[in-house]
Amino acid sequence: MNRKLTHVFRGIAVALALASAPAFADDPVKIGFVVKQPEEPWFRDEWRFAEQAAKEKGFELVKIGAENGDKVLNAIDNLKVQHAQGFIICAPDVKLGPSIVAKARINHLKLITVDDRLVDGSGKPIEGVPYTGISAVNIGKQVGQAIAEQIKARGWNPAEVGALRVSFDQLPTARDRDDGAVEALLASGFPKANIFNAPQAKSDTENAFNASSIAITQHPQFKHWVAFGMNDEAVLGAVRAAEGRGINAANMIGVGIGGSNSATNEFAKSQATGFYGSILISPKRHGYDTSIQMYDWIKSDKAPPMITLTDGRLITRTNAADVRKAMGL
Ligand code: FCA
């Protein structure tokens, strides 16, 4: 190697050593909380509960919205520059897993994932990274059961009911939620042939609306519709699409997942809509608990559990306020 190059390499080595100098025990704790869709009420709530943890423990929380891979990788570099010691992330694409893990490691940042579990190059979950998420299949089953019970309560003939599976199958937790709902519907005797996929290009209400409008238009034979999806936003899209074709509360049963403002604003309307209910999940457990876990990891070297799966409860117009209170929200 020529001398100039050796020099450059030595420089880089020194810079790397400096960049990865370990944090001292009494350094102020700084924790990043990176989310994929900062405009979504679920993530706002998660941040709000992370702030609560920051206040209680006296650490600094750095909230970052990262809607794509570039923003995620920049965010991690920025956190290092700001002397953070760790971060919690819900990544915009779980396939960024290996890059996120590598970047966290280079920067000596502790890493906890929330909501969406990172996967490796072959699509398998990266098990070495602590993860808090919802029990996706079970919560999906709760959705399917709630819909099945309503179909029965309303005395609908299942043959006359179409079901929208608003889907975002590239995200494992979303696919599992939908599959759980399908499983419960089928177990209730719902005809498989009446379930239609409405794939979202992106996981928001607008894309759910577009996908659902197409699916409903393609199947004009149904008198009633039901809808489920990965979250409240997906089901709201389906409910709005149904309304656009004159299918209102009396002929529509949408059950979402989340239970934040997206759902409660719907329940607060003077007239019931086709958005019948939601499985309330806990942004407190996902935002507050993960932040405390990260703080304890940094401060006392107490490693977090590798996997935490949270549960949910059905809320509707009639019980939303009470159930939210019971869950400490
Ligand atoms: C995913 C969804 C969110 C929320 C969360 C628990 O990240 O995109 O809407 O349901 O899981």
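This is a predicted model: local features need pLDDT of at least 70, side-chain atom pairs count only at pLDDT 80 or more; totals for chains, interfaces and linings use all residues.

Author: Let's start with R177: a side-chain N or O atom of R177 sits 2.8 Å from an oxygen atom of the ligand, which is a polar contact (a pair of N or O atoms within 3.5 Å). E40 has a polar side-chain atom 2.6 Å from a ligand oxygen, and for the side chain of K36 the distance is 2.9 Å. On its own the ligand exposes 290 Å², and the protein buries 99% of that; areas here are Shrake-Rupley with a 1.4 Å probe. Other residues around the ligand include W42, F43, C90, D115 and D116, where a heavy atom within 4 Å is what counts.

Residues are numbered from 1 along each chain as its sequence is written, and side-chain values use heavy atoms, leaving out hydrogens and water.

Now the aromatics. The whole structure has five aromatic pairs, meaning Phe, Tyr or Trp (six-membered) rings with centres within 6.5 Å, stacked if the planes are under 30 degrees apart, edge-to-face over 60 and tilted for the rest. F59 and Y295 are stacked, at 5.6 Å centre to centre and 25° between planes. They're 236 residues apart in the chain, and both are buried (under 20% relative accessible area; exposed is over 50%, partly exposed in between, protein chains only). F267 and F275 make a tilted pair, because their planes are at 50°, with centres 5.8 Å apart. These two are buried as well. Finally, ring pairs join F196, F222 and W225 into a cluster.

Technical notes: A polar contact is a pair of N or O atoms within 3.5 Å; within protein, one must be able to donate a hydrogen and the other to accept it, and residues adjacent in sequence count only if both atoms are side-chain atoms. Helices (H or I, at least four residues) and strands (E, at least two) are DSSP runs, numbered from the N terminus. Buried means under 20% relative accessible area, exposed over 50%, partly exposed in between (1.4 Å probe, protein chains only).
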